[in-house]
Amino acid sequence: MSVFVKKIALHVILPLIIGLIIYFIARPDTWLVQKLLQSRFYFIEKNGDILSTGWFTKFVVFNGPDFCWSYSITSALLYWKFFSSIKIPYFPLFIFLLILMQELVQLLFTRYFTFDIMDIVAAISAFILSWYLNKEYV
Amino acid sequence: MFKRFRFLFLALILISYSLLYIATSIDRCDANCERISAVDTLLKKNRDYVYYTSRCNWSAASDSICVWVKDTSGIDWNLLADTVCQIATVNGLLQQKVFILKSTTTGFPDTVVKKQCP
């Protein structure tokens, strides 16, 4: 397996899978889980159960997927730019704005999304971590 | 090969993540919310002075409807409250408390009319 394939598996695919696992286990109310699993099984029945738990569990359940997926898309776009050999000035800034926008747009669609300032913190942290760990591709 | 189709790859990446993003949405509008939404739609029709209609609070037991309006002269706010009651009743919201509210420069809403629907 080439180094690049390993990198994709570790920095793009794995965070995606971790984010999905968190959703499947703890977020039964989403379209994704209801359509794929039809709510037949999940370990935590209601978000109310989560709300009574500690801050770390809440962070993992509610902000963990945002962290994982922001990390994943940052890595994916950094790899894309590196291998496409296109000169795009300030490309990481575009990724940063994309990640920020995906959180802020939730303010406009409150019926479908829950805006949470901690999601922005998680997304920005993920962006910085991905950028740092993949700096040879920046 | 990658360079030849690089923009296709970029589109695939963005579309994939967008689909994932949409798939994690939740429709939070229950039957109660749908009824309020119907009242909002009907009330805003031909009434440009109505900003929006919502529950005054979103607790399950709430029986209050808040209608936010633009401070406009010549409007009979009592008549508007009656109309809200009629539309609410037609949509299955019975015996609601209606508040017609307008914004003020202090930031606090000013209650123009308060009405208990029959």
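Tutor: We may begin with the surface of chain B in this predicted model. Chain B exposes about 7300 Å², of which carbon and sulfur atoms supply 58%.

Student: How many residues does chain B have, and what percentage of them is buried?

Tutor: Chain B has 118 residues, and 38% of them are buried. Three helices and four strands are found in this chain, arranged along the sequence as α-α-β-β-α-β-β. Of the chain B contacts between residues at least 6 apart in sequence, 43% join residues at least 24 apart.

Student: Which residues have the most contacts inside the largest nonpolar core?

Tutor: They are B:V67, B:L80, B:V84 and B:I100, in a core of 20 residues. The elements of chain B that give two or more residues to this core are α2 (31–44), β2 (64–69), α3 (77–90) and β3 (97–102). The largest share, seven residues, comes from α3(B).

Student: What does B:V67 touch, leaving out residues up to four places away in sequence?

Tutor: The residues touched by B:V67 include B:V84 and B:I100, and also B:L43, B:V50, B:Y52, B:T53, B:F99 and B:L101. A second, separate core has 17 residues, among them A:I73, A:I95, A:A123 and B:L10.

Student: Why is A:T74 called buried?

Tutor: Its relative accessible area is 0%, and the term applies under 20%; A:T74 is therefore buried. This residue lies in helix α4 of chain A, which spans residues 55–84.

Student: With which residues is A:T74 in contact, once its neighbours within four places in sequence are left aside?

Tutor: A:T74 is then in contact with A:I95, A:I99, A:F127 and A:S130. One of these, A:I95, is also included in the second core.

Student: Why does A:I13 count as partly exposed?

Tutor: The relative accessibility of A:I13 is 39%. Buried requires a value under 20% and exposed a value over 50%, with partly exposed in between; A:I13 therefore counts as partly exposed. Helix α1 of chain A, residues 3–26, contains A:I13.

Conventions
Residues are numbered from 1 along each chain as its sequence is written. Chains are lettered from A and ligands numbered from 1 in the order in which they are written. This is a predicted model: local features need pLDDT of at least 70, side-chain atom pairs count only at pLDDT 80 or more; totals for chains, interfaces and linings use all residues. Side-chain values use heavy atoms; hydrogens and water are left out. Buried means under 20% relative accessible area, exposed over 50%, partly exposed in between (1.4 Å probe, protein chains only). Contact means heavy atoms within 4.5 Å. A nonpolar core is a set of buried Ala, Val, Leu, Ile, Met, Phe, Trp, Tyr and Cys residues joined through side-chain atoms within 4.5 Å. Accessible areas come from the Shrake-Rupley method with a 1.4 Å probe; for residues, only the protein chains shown count as cover.
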